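Reader: I am new to charged side chains in proteins. Can you walk me through some in this structure?

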Amino acid sequence: MSASAVFVLDLKGKVLICRNYKGDVDMAEIDHFLPLLMTQEEEGLTCPIMSHGNVHFLWIKHTNLYLVATTNKNSNASLVYAFLYKVVEVFTEYFTELEEESIQDNFVVVYELLDELMDFGFPQTTDSKILQEYITQEGTKLEVAKTKVPTTVTNAVSWRSEGIKYKKNEVFIDVIESINLLVNANGSVMSSDIVGTVKLKTMLSGMPELRLGLNDRALFALTGRDKGKTVTMEDVKFHQCVRLSRFESDRTISFIPPDGESELMSYRINTHVKPLIWIESVIEKFSHSRVEIMVKAKGQFKKQSVANNVEVRVPVPSDADSPKFKTSTGHAKYVPEKNLAVWTIKSFPGGKEFLMRASFGLPSVENDEMEGKPPITVNFEIPYFTVSGIQVRYMKIIEKSGYQALPWVRYITQSGGRTAMLFRYSLYSKKRPIIYS
C-alpha cells in the first residue's frame with residue numbers, strides 16, 4: 001500500500017494544496033503534523049516518519065515547503081519517499097523553482113499534476129515529459145471530446161510518445177565514473193569507491209528497440225563469473241525502460257529508450273583505487289610570523305590521457321594574510337572567505353609532475369587551536385577514460401522502418417562529490433605530508 005493523501009504545507013504548517021486519494025484518513029489529521037515536528041526538533045530527535053494515533057506522516061522538506069504523505073496502513077515507506085522526491089522533480093521541471101509562491105501561482109496545474117501522478121494511493125504517470133503533453137502550465141483542463149490522451153498514459157511504454165520524427169537519427173552514450181577516495185598523511189588509502197552512470201541522449205524516430213552490449217569484464221562481473229579478474233558491480237539500478245527479465249536471462253540490456261536525455265543505468269564498485277592525481281604537501285611555520293606551503297601534484301594515469309580543469313584546494317589558517325604564490329604551471333589564488341589556497345591547472349597530462357609554493361603571513365600571537373582541519377581536496381575530469389575498465393562494445397538499433405542511426409560513445413572519469421572529513425592534520429607540524437585525491 002502507498003499514500004492515503006498528499007499535502008503541500010508552508011513552514012507554518014498551513015496547507016497550500018492537498019489531494020485525498022483514498023479517503024481512509026481524516027484530512028484534519030494534518031493539523032497534528034507541525035506540532036509533532038516542532039516537539040521532535042526541540043528534543044533533537046527529528047524523524048522522517050511521525051505518528052499520531054494510527055496515522056503516520058511521511059515527509060520531506062524542500063526550500064520553504066513541507067511535502068507530507070499520510071497513511072494508516074503498513075505502507076512501503078521507500079515507495080512513498082521515492083514518490084515525494086519525484087513530485088519535487090516534476091514540479092521543478094514545470095515551474096523552475098519549487099517554493100510557496102510557485103505553488104500559489106500555479107494552483108490549477110499543481111492540482112492536475114497531483115491527480116495524474118497518483119491514483120488511489122499508487123504512483124501512476126511520473127514522467128514530466130509525458131505529463132507536459134496534456135497538462136500545460138496554463139492549467140487547461142482536458143476536454144475528452146477535443147483532446148486525445150497520449151497513448152503513453154495507457155500503454156506499456158509510458159516513457160515515450162508515438163510519432164516522434166527526426167531528420168537525422170542519432171543516440172549519444174556517456175559512461176561517467178566518479179571516484180570517491182580518501183588518503184591519509186602516510187599515503188594509505190582509507191576508503192575508495194567508484195560510482196558510475198550510463199546516460200543517453202536519444203534522437204531517434206518511431207519506436208526503436210535498442211540493445212546495449214558491455215565488455216566482458218563488466219558482463220562477467222554482473223553474471224558472477226570470472227571473479228578472479230573482475231570487480232563486482234553493486235547497487236545496479238536500471239531505468240524502467242530496461243527489460244529486466246531479458247537482462248536476468250542472458251544479460252542483454254534491451255530497451256525502448258525515452259526521447260531526449262535519460263539515465264539508463266547506475267552502479268557502484270567497491271574496490272581499491274590508486275589516486276589518479278597524487279598530492280603531496282609539506283607545510284611549515286616559521287617564527288610564528290609566516291607559513292609556507294609546498295604542494296606537489298603528479299598524474300598517475302595513462303600518458304596519452306589528459307585531466308582537465310584540475311583544482312587543488314589547500315586549507316590555510318583563518319588568520320593568514322599577504323599571500324604569495326609560485327607555480328610551475330597553472331595559477332593559484334587565495335580565497336579568504338573559505339580559508340583556502342586554490343591551485344588551478346587547466347590541462348594536466350598523465351605522468352607529469354607540477355609544483356606550487358605558497359607563503360602567507362601570520363599574526364605574531366600563537367594560536368595552537370584551529371577552528372577546523374579539513375583535508376586537501378582535488379577536483380578533476382579525465383575524458384576518454386574509465387577507471388573500472390567498463391566499455392560499450394556495441395549498440396544495436398532496431399526500428400520497423402529500417403532507418404540507419406549513428407551511435408556515439410563518450411567516456412569520462414571525474415572526482416567524486418562525496419568528501420570524507422575524517423582526515424585531520426596540523427598546519428603547524430613541520431614537513432608533514434598531506435595526501436588526498
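This is a predicted model: local features need pLDDT of at least 70, side-chain atom pairs count only at pLDDT 80 or more; totals for chains, interfaces and linings use all residues.

Reader: How many salt bridges does the count come to?

Author: Side chains of opposite charge can pair when their charged atoms come close. The cut-off used here is a side-chain nitrogen of Lys or Arg within 4 Å of a carboxyl oxygen of Asp or Glu. By this rule, the count is 11 salt bridges.

Reader: How far apart are the closest N and O atoms of Asp 115 and Arg 19?

Author: Asp 115 and Arg 19 form a salt bridge. Asp 115 sits in helix H4 and Arg 19 in strand E2, so the pair ties together parts that are 96 residues apart in sequence.

Reader: Is Arg 19 buried or exposed?

Author: Buried means under 20% relative accessible area. Arg 19 has a relative accessible area of 19%. Arg 19, in contrast, is buried.

Reader: Where does Arg 243 lie?

Author: Arg 243 forms a salt bridge with Glu 209, with the closest N and O atoms 3.5 Å apart. Glu 209 is in strand E10, and the pair ties together parts that are 34 residues apart in sequence. Arg 243 lies in the loop between strand E11 and helix H7.

Reader: Which residue is linked with Glu 209 and Arg 243 in a network of salt bridges?

Author: Glu 209 and Arg 243 already pair with each other. Their network of salt bridges also takes in another residue.

Reader: Which strand holds Arg 268?

Author: Arg 268 and Glu 234 meet in a salt bridge, at 3.1 Å from N to O. The pair links distant parts of the chain, 34 residues apart. Glu 234 is in strand E11, while Arg 268 is in strand E13.

Reader: Are Arg 268 and Glu 234 buried or partly exposed?

Author: Arg 268 has 22% relative accessibility. Glu 234 has 31%. Therefore both count as partly exposed.

Reader: Which residues gather in a patch of negative charge on the surface?

Author: Patch residues need over 30% relative accessible area and no salt bridge. Glu 99 has 31% relative accessibility, so it counts as partly exposed. Glu 99 is found in the loop between helix H2 and helix H3. The patch is made up of Glu 97, Glu 99, Glu 101 and Asp 105.

How values were computed:
Residues are numbered from 1 along each chain as its sequence is written. Side-chain values use heavy atoms; hydrogens and water are left out. Patches are made of residues with over 30% relative accessible area and no salt bridge: like charges are joined within 9 Å, nonpolar side chains (Val, Leu, Ile, Met, Phe, Trp, Tyr) within 5 Å. Accessible areas come from the Shrake-Rupley method with a 1.4 Å probe; for residues, only the protein chains shown count as cover. Lys and Arg count as positive and Asp and Glu as negative; His and the chain ends are not counted. The place of a charge is taken as NZ of Lys, CZ of Arg, CG of Asp or CD of Glu. Helices (H or I, at least four residues) and strands (E, at least two) are DSSP runs, numbered from the N terminus. Buried means under 20% relative accessible area, exposed over 50%, partly exposed in between (1.4 Å probe, protein chains only).
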